[in-house]
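Keep the sequence and the 3D view side by side as you read.

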Amino acid sequence: MAQVGCIVDTKILGQIAQLRALLEEMEKDFGMHELSRNERDIVLAFCACIKENKSGDNMCSTDVVRANPIVKEISQPTFHRTLKQLIKRGLIERCEGFPMGLYRLSDRASGQL
């Protein structure tokens, strides 16, 4: 974490701890506490992708989602296993009639999250 010779700034770490606690509480309020950390991160990355999507079609490719900093550290196999779990949970859906790799948040996810 801290390099040799660096002083740990406890004030900043305390602020990070407060932000993390606030984020955890917000995730709980939105019903995300039942999801694993990877599931939460992938759903949030999908939401960020959709928000940035100018076409308004609520579709997002896995390539764009994988480029999001929230999920960039998740290995590709773990990403796809987790995506499969989110599909089983009914939170993310494949976009039928479109090329492979296009997904959207389901209506259930929009109402639940």
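Cys47 counts as partly exposed because its relative accessibility is 31%; buried means under 20% relative accessible area, exposed over 50%, and partly exposed in between (1.4 Å probe, protein chains only). Its sulfur is 9.8 Å from the closest cysteine sulfur, in Cys49, which is too far for a bond.

A quick word on what you're looking at: this is a predicted model, where local features need pLDDT of at least 70, side-chain atom pairs count only at pLDDT 80 or more, and totals for chains, interfaces and linings use all residues. Residues are numbered from 1 along each chain as its sequence is written, and side-chain values use heavy atoms, with hydrogens and water left out.

So which cysteines does a disulfide join? The pair is Cys49 and Cys60, with 1.6 Å from S to S; to count as a disulfide, the two cysteine sulfur atoms must be within 2.5 Å. Searching the whole structure turns up 1 disulfide. Cys49 sits in helix 2 (residues 37-52) and Cys60 in strand 1, so the link ties together parts that are 11 residues apart in sequence. (Helices, H or I with at least four residues, and strands, E with at least two, are DSSP runs numbered from the N terminus.) The link is right-handed, with 105 degrees about the S-S bond.

| Cysteine | Relative accessible area | Class |
|---|---|---|
| Cys47 | 31% | partly exposed |
| Cys49 | 10% | buried |
| Cys60 | 2% | buried |
| Cys95 | 9% | buried |

Now for the strands. Strand 1 (residues 59-61) runs antiparallel to strand 3 (residues 102-105), and 3 bridges join them; two strands pair if DSSP finds at least two bridges between them.

The chain's mean pLDDT is 86, and 87% of its residues reach 70 or more. Confidence is highest in helix 4 (residues 76-88), at a mean of 96, and lowest in helix 5 (residues 107-112), at 62.

Key
pLDDT is the predictor's confidence in each residue, from 0 to 100.
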